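Dear colleague,

I am handing over the structure below, together with some notes on what was found in it. Please read the notes with the model open beside them.

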Amino acid sequence: MCKQLFLALLSLVVSSCTVIDYSHIARPPIPKDLWEYHYVEQGRVYQVCSQYGMFPEACMEWGKGDEKCHIWLPLEAPKWMIDHEEAHCMGYNHLGEQHE
Ligand SMILES: [Zn+2]
C-alpha cells in the first residue's frame, strides 16, 4: 500500500516535469528561423542537458551568447520530444514552473 502511494507520487513528479504549460508564455518566443537542431548521441545530450534537470533526455538552450534557440535531441528522438523542446523555444515552460 505504501509502495503504491510512492509510485503514484513518483509518477506525479515525473509527469509534472515533462508537461508543457500552454496556458501562458513564460518568456518571449524565439523566431523559428533561429531554432537550431542538434541531433547527437544520447551521451552527448546528457552532457549538455544534465545541468537543466534530472531527466535530460533532451533540452533547449538559449541566451548562450547568440540569439538562437538550441534544441538538443538524441538521434532517435520521438515526435513528442521534438514538440516539447520546440515549445520551450516558443516561450513555454513546464507546468508549475513560472520562473526562468
Ligand atoms: Zn522541457
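On one side of H3, Lys79, Trp80 and Asp83 are exposed. By contrast, His84, Glu85, His88 and Cys89 are buried in this helix, and because these four cover an arc of only 150 degrees around the axis, they sit on the same side of H3. As for what the buried residues of H3 face, they pack against E1, strand E2 (59-61) and strand E3 (69-74).

**Confidence and overall layout**

Please bear in mind that this is a predicted model, with a mean pLDDT of 85 over the chain and 79% of the residues at 70 or more. Confidence is highest in strand E1 (residues 35-40), at a mean of 98, whereas helix H1 (residues 2-18) has the lowest, at a mean of 56, and I would ask you to keep that in mind when reading the model.

The chain holds three helices and three strands, which run α-β-α-β-β-α from the N terminus on. Of its 100 residues, 14% count as buried. Among the contacts in the chain with a separation of 6 or more, 65% are between residues 24 or more positions apart.

Once its neighbours within four places in sequence are left aside, Met81 is in contact with Glu57, Ala58 and Leu73. For the pair Met81 and Glu57, the separation is 24 residues in sequence and 8.4 Å in space, taken from C-alpha to C-alpha.

**After the helix**

H3 is followed by Gly91, which has a positive phi, near 100 degrees. Gly96 also belongs to the segment after helix H3 (79-89). Is Gly96 buried or exposed? Gly96 is exposed, because it has 9 other C-beta atoms within 10 Å, and the cut-off for exposed residues is 12 or fewer. Between Gly96 and Val19 there are 9.3 Å in space, C-alpha to C-alpha, although the two residues are 77 apart in sequence.

With best regards

Notes. Residues numbered from 1 in each chain as written. Predicted model: local features only at pLDDT ≥ 70, side-chain atom pairs only at ≥ 80, totals over all residues. Helix = DSSP H or I, 4+ residues; strand = E, 2+ residues; numbered from the N terminus. Buried ≥ 20, exposed ≤ 12 C-beta atoms within 10 Å, placed from the backbone. pLDDT = per-residue confidence, 0-100. Contact = placed C-beta atoms within 7 Å. Arc of directions from axis to C-beta.
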